[in-house]
Amino acid sequence: MSIECAVHGERESRFLCQHLTPLSRGLGFFIEADGQSGWCAACEEVWSQHEEWNATVEAQLGIEHVCDVCFATIRDANEA
Ligand SMILES: [Zn+2]
Ligand SMILES: [Zn+2]
């Protein structure tokens, strides 16, 4: 799946929770085993309480689509 990134042009798509943005720093970074999705420490906390995909988890994460370059940059800025 590809995405047209405003900064990087046509790239592979990745998913991030709504808290992980180009401006966020040090929020923690948890990555899915397949490397396609990332989420912050607060989302990890909610996820660990539910351990299944439901409306509460979905509202917490508020998944955003980003390109793979943005994903890597945001990961570097937020992982502990
Ligand atoms: Zn989050
Ligand atoms: Zn990008």
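Predicted model: local features only at pLDDT ≥ 70, side-chain atom pairs only at ≥ 80, totals over all residues.
**Entry 1: strands 1 and 2**

I began with strand 1, residues 2-5, and strand 2, residues 9-16. The two pair in the antiparallel sense, and I found four bridges between them. A hairpin of three residues makes the link from strand 1 to strand 2. For one bridge I looked up the partner of Ser-2, which is Glu-12 in strand 2.

**Entry 2: other partners of strand 2**

Next I asked which way strand 2 and strand 5 run. They are antiparallel, with four bridges joining them, and strand 5 covers residues 64-67. Here I noted Phe-15 opposite His-65 of strand 5.

Then I turned to strand 4, residues 37-39. Strand 2 pairs with strand 4 in the parallel sense, over two bridges. Leu-16 stands opposite Gly-38 in strand 4.

**Entry 3: helix 3**

Which residues of helix 3 are buried? I listed Cys-70, Phe-71, Ile-74 and Asn-78. These four lie on the same side of helix 3, because they cover an arc of only 100 degrees around the axis. I kept the general rule beside this: an α-helix has 3.6 residues a turn, so residues three or four places apart point the same way. What do the buried residues of helix 3 pack against? I traced them to strand 1, strand 2, strand 4 and strand 5.

**Entry 4: Asp-68**

I moved to Asp-68, which lies in helix 3, residues 68-78. Is Asp-68 buried or partly exposed? I counted 17 other C-beta atoms within 10 Å, so Asp-68 is partly exposed; buried would need 20 or more.

I then looked up its contacts, leaving aside neighbours within four places in sequence. Asp-68 is in contact with Arg-11, Glu-12 and Arg-14. Glu-12 had already come up as the bridge partner of Ser-2. I also checked Asp-68 against Leu-16. The two are 52 residues apart in sequence, and 10 Å apart in space, C-alpha to C-alpha. Leu-16 is the residue I had noted opposite Gly-38.

**Entry 5: Ala-42**

Last, I looked up Ala-42. It belongs to helix 1, residues 41-50. Exposed would need 12 or fewer. How far apart are Ala-42 and Gly-28 in space? I read 8.3 Å, C-alpha to C-alpha, for a pair 14 residues apart in sequence.

Technical notes
Residues numbered from 1 in each chain as written. Chains lettered and ligands numbered in written order. Contact = placed C-beta atoms within 7 Å. Pairing = 2+ DSSP bridges. Arc of directions from axis to C-beta.
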